[in-house]
Amino acid sequence: MIGRLTGRVVEEGDDGTVVLDVGGVGYEVAVPLGAVGRARGLAAAAGADAITLFVHTHVREDALLLYGFATREDRTAFRVLIGVSSVGPKIAVGILSALAAGDLAAVIARRETARLTAIPGVGKKTAERLVLELKDKLVGLPSAAPSPAAPPPAATGSQQDLLHSALTRMGYRPAEAERAIAALGARVDSAPLGDLVRDALALLSK
């Protein structure tokens, strides 16, 4: 079984897959939204060019599929999710596209089924089943840090808008982009955009 891959992303598909070149071999890996962006941030913080994805190998009768995650915690959450009745890999990836592992643990602990049903593919019964079956299975994952207050709405074309757009285009979730912008504070209105992107990536990689 493949547990981890380190290489360069050479293709990004519209279907949520990437091709990771590892020593000249291209591995097609399905990833949640934002996983590659976070992996790039972690690699940049470590001074590395190649990214690392923590992989779950899913074996079916007709295929061997790879699912990749930026952190071990997200992979652990994926494995827990697919152990729930009626939750397959596709829905699990969708959940982790909307909620990182720590956020998911917090949502389950607070029994916030409305947050879960807002995710495509997750109905009311599935959300209730997730809360019931996962209440004791995600306790080992790091809890999500409280989100800073969201910055006030900015005018179209503002530095905040440009930074938010840059981060979401790199694959980060809107909520993650907003947290990074809030953490940068007043610098967002005065520092060069390139510096802000670099500093935001450093914050998001922690």
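Reader: Which residue follows H1, and what is its phi like?

Author: That is Gly 47, with a positive phi near 75°. Bear in mind that this is a predicted model.

Reader: OK. Which residues of H1 are buried?

Author: Helix H1 covers residues 35-45, and its buried residues are Ala 35, Val 36, Gly 37, Arg 38, Ala 39, Gly 41 and Ala 43.

Reader: Let me step back. How many helices and strands does the chain have?

Author: Nine helices and five strands. In order from the N terminus, the elements run β-β-β-α-β-β-α-α-α-α-α-α-α-α.

Reader: And how much of the chain is buried?

Author: Buried residues are 42% of the 206 in the protein chain.

Reader: Which residues touch the most other members in the largest nonpolar core?

Author: Leu 81, Leu 104, Ile 108, Leu 116, Leu 130 and Leu 134 do, out of 27 residues in that core. The elements giving two or more residues to this core are E5, H2, H3 (89-98), H4 (101-109) and H6 (124-134).

Reader: Which of them gives the most?

Author: H4, with five residues.

Reader: Where does this core lie relative to the two domains?

Author: Between them, because domain 1 (4-69) and domain 2 (75-135) both give residues to this core. As a general point, nonpolar side chains in soluble globular proteins tend to be buried together.

Reader: Take Leu 134, then. What does it touch, leaving out residues up to four places away in sequence?

Author: With those left out, Leu 134 touches Val 80, Leu 81, Val 84 and Ile 108.

Reader: Different topic, the surface. Which residues make the nonpolar patch there?

Author: Met 1, Val 59 and Leu 64 make a nonpolar surface patch of about 380 Å².

Reader: Where does Met 1 lie?

Author: Met 1 is in the segment before strand E1, which spans 4-12.

Reader: Why does Met 1 count as exposed?

Author: Because its relative accessibility is 82%, and exposed means over 50%.

Reader: Last one. Of the contacts between residues at least 6 apart in sequence, how many join residues at least 24 apart?

Author: In the protein chain, 51% of those contacts do.

Definitions and conventions:
Residues numbered from 1 in each chain as written. Predicted model: local features only at pLDDT ≥ 70, side-chain atom pairs only at ≥ 80, totals over all residues. Heavy atoms only, no water. Patch = residues over 30% accessible without salt bridge, like charges linked within 9 Å, V, L, I, M, F, W, Y side chains within 5 Å. Areas by Shrake-Rupley, 256 points an atom, 1.4 Å probe, with all protein chains shown as cover. Salt bridge = Lys/Arg side-chain N within 4 Å of Asp/Glu carboxyl O. Helix = DSSP H or I, 4+ residues; strand = E, 2+ residues; numbered from the N terminus. Buried < 20%, exposed > 50% of the residue type's maximum accessible area, 1.4 Å probe, protein only. Contact = heavy atoms within 4.5 Å. Core = buried A, V, L, I, M, F, W, Y, C linked by side-chain atoms within 4.5 Å. Domains from an automatic or database assignment.
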